[in-house]
Structure formats: C-alpha cells, structure tokens
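I'd like to walk you through one structure, so please have a look at it while I talk.

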Amino acid sequence: MRKRIYHKFPHREIEFEQKYRYHSDLPYLVKVMANMDGKFGMFVTESVVQRGHRIQAKREISVEIVRNGVDFESLNYKNVDQMIDTIENEGIIDFKMVLNYSYLDGKYNRVPFRGDTYLVRALLENEVLVLQIHRIEGPGRTEAGRVADTIIEEIRRGS
C-alpha cells in the first residue's frame with residue numbers, strides 16, 4: 001500500500017477543519033472525489049473588471065490525489081478503479097482541488113479568471129471523518145468551508 005500523504009501539507013495555518021460522522025471507508029471517499037472532477041456550478045462573486053459589481057460566474061472542479069508524497073495526479077472516473085486498490089480503509093489521504101472560474105461577457109464568450117487551489121486532507125478513523133482544507137493559491141472567491149460542504153454533499157448524495 002502506498003501512502004497518499006502530501007509532505008508539504010500545512011499543519012499550523014489550516015483554514016478549515018471539521019469532523020463528520022462517516023459510515024464508509026477511504027476507497028469510497030476516493031470514488032466520491034473522483035466523481036466530483038469536471039463538475040461545475042454557478043455562483044455570484046465580485047466582477048473581475050468592474051469593482052463593486054456582482055457577476056454570475058461558473059465554478060468548475062478539478063480533483064487530484066497525491067502520488068508520491070510530493071506530486072499530485074489527476075483523479076477522475078476513468079482512473080479511479082486503479083487507485084482504489086492502493087488505498088487502505090482508514091488513515092489519511094491528501095487531495096488537491098482546483099476551482100476554475102469563468103463568466104460570460106456581453107457577447108456570450110466564456111472568459112476565464114483566476115481560480116482557487118485547495119489542499120484537502122481526509123483523516124478517517126472509527127467512523128469519524130476529519131476534513132482539513134487549506135487554500136494554497138488564488139483570491140479565495142470560494143471559502144474553504146464551502147469546499148468541505150461540497151464534498152459532504154457529494155458523499156450524502158452517494159456520488
């Protein structure tokens with residue numbers, strides 16, 4: 001079994017930490033995370049070009065899983081089955097979630113703007129899942145707690 005722990009995960013300045021009752025195992029969590037890859041939703045945020053204006057923007061999720069303690073590799077429904085075999089039922093797994101943002105301009109062209117990147121640590125022991133989330137890049141248009149809520153919604157939905 002390979003350890004899926006990112007050695008540069010911050011230990012002091014974690015933005016968000018929450019415990020959840022969780023009646024499954026880490027391989028199931030990895031499947032849920034893989035199925036989140038490529039999903040998107042709409043949200044309202046401050047305009048990139050006009051200060052003080054609010055815009056409707058698209059938020060698309062990319063999910064990566066730590067590979068060798070240093071690097072991350074893409075995690076999606078195509079490659080999740082090969083990964084599952086390398087994952088223990090309990091323990092720690094680190095993910096990277098990249099949130100790509102874009103909006104439609106006046107001519108309905110999709111215009112990308114700076115996204116956010118989060119490290120997500122999942123610790124599972126005795127049916128208690130602890131999510132630790134820390135933003136490592138981006139302006140923080142999505143709060144760390146919202147990232148956790150999205151993961152928990154997907155677990156409950158049985159993605």
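Before the first residue, a word on terms: helices here are DSSP runs of H or I with at least four residues, strands are E runs of at least two, and both are numbered from the N terminus. Please also keep in mind that this is a predicted model.

With that in hand, let's get the overall picture. The protein has 3 helices and 7 strands. Read from the N terminus on, the order of elements is β-α-β-β-β-α-β-β-β-α. The C-alpha trace spans about 50 × 35 × 30 Å along its principal axes. As for contacts between residues at least 6 apart in sequence, 64% of them join residues at least 24 apart.

Now let's zoom in on Ala148, which sits in helix α3, residues 144-157. Is Ala148 buried or exposed? Its relative accessible area is 0%, and buried means under 20%, so Ala148 is buried. Which residues does Ala148 touch, leaving aside its neighbours within four places in sequence? They are Phe16, Tyr20, Leu131 and Ile133. Gln132 is 16 residues from Ala148 in sequence, and their C-alpha atoms are 8.3 Å apart.

Next, strand β5, residues 91-104. Here 10 of the 14 residues are buried, so β5 is largely enclosed by the rest of the structure. Which strands does β5 pair with? One of them is β3, residues 54-66, in the antiparallel sense over 8 bridges. In that pairing, Ile61 stands opposite Leu99 of β5. Another is β6, again antiparallel, with 13 bridges. There, Ile92 faces Leu123 in β6. β5 and β6 make a hairpin with 5 residues between them, and Tyr108 in the turn has a positive phi of about 60°.

The side chains of Arg121 and Asp94 form a salt bridge at 2.7 Å, N to O. Arg121 belongs to β6, residues 110-125, and Asp94 to β5, so the pair links parts of the chain 27 residues apart. Both of these residues are buried.

How many salt bridges does the whole structure hold? The search finds 7. Among them is Glu73 with Arg4, at 3.4 Å from N to O. Glu73 lies in strand β4, residues 72-74, while Arg4 is in the segment before β1, so this pair ties together parts that are 69 residues apart in sequence. Arg4 counts as buried, at 3% relative accessibility.

One more for contrast: Arg51 and Glu46 meet in a salt bridge at 3.9 Å, N to O. Arg51 is exposed, at 76% relative accessibility, and Glu46 is partly exposed, at 30%.

That's my tour, and I'm happy to take questions.

Definitions and conventions. Residues are numbered from 1 along each chain as its sequence is written. This is a predicted model: local features need pLDDT of at least 70, side-chain atom pairs count only at pLDDT 80 or more; totals for chains, interfaces and linings use all residues. Side-chain values use heavy atoms; hydrogens and water are left out. Buried means under 20% relative accessible area, exposed over 50%, partly exposed in between (1.4 Å probe, protein chains only). Contact means heavy atoms within 4.5 Å. A salt bridge is a side-chain nitrogen of Lys or Arg within 4 Å of a carboxyl oxygen of Asp or Glu. Two strands pair if DSSP finds at least two bridges between them.
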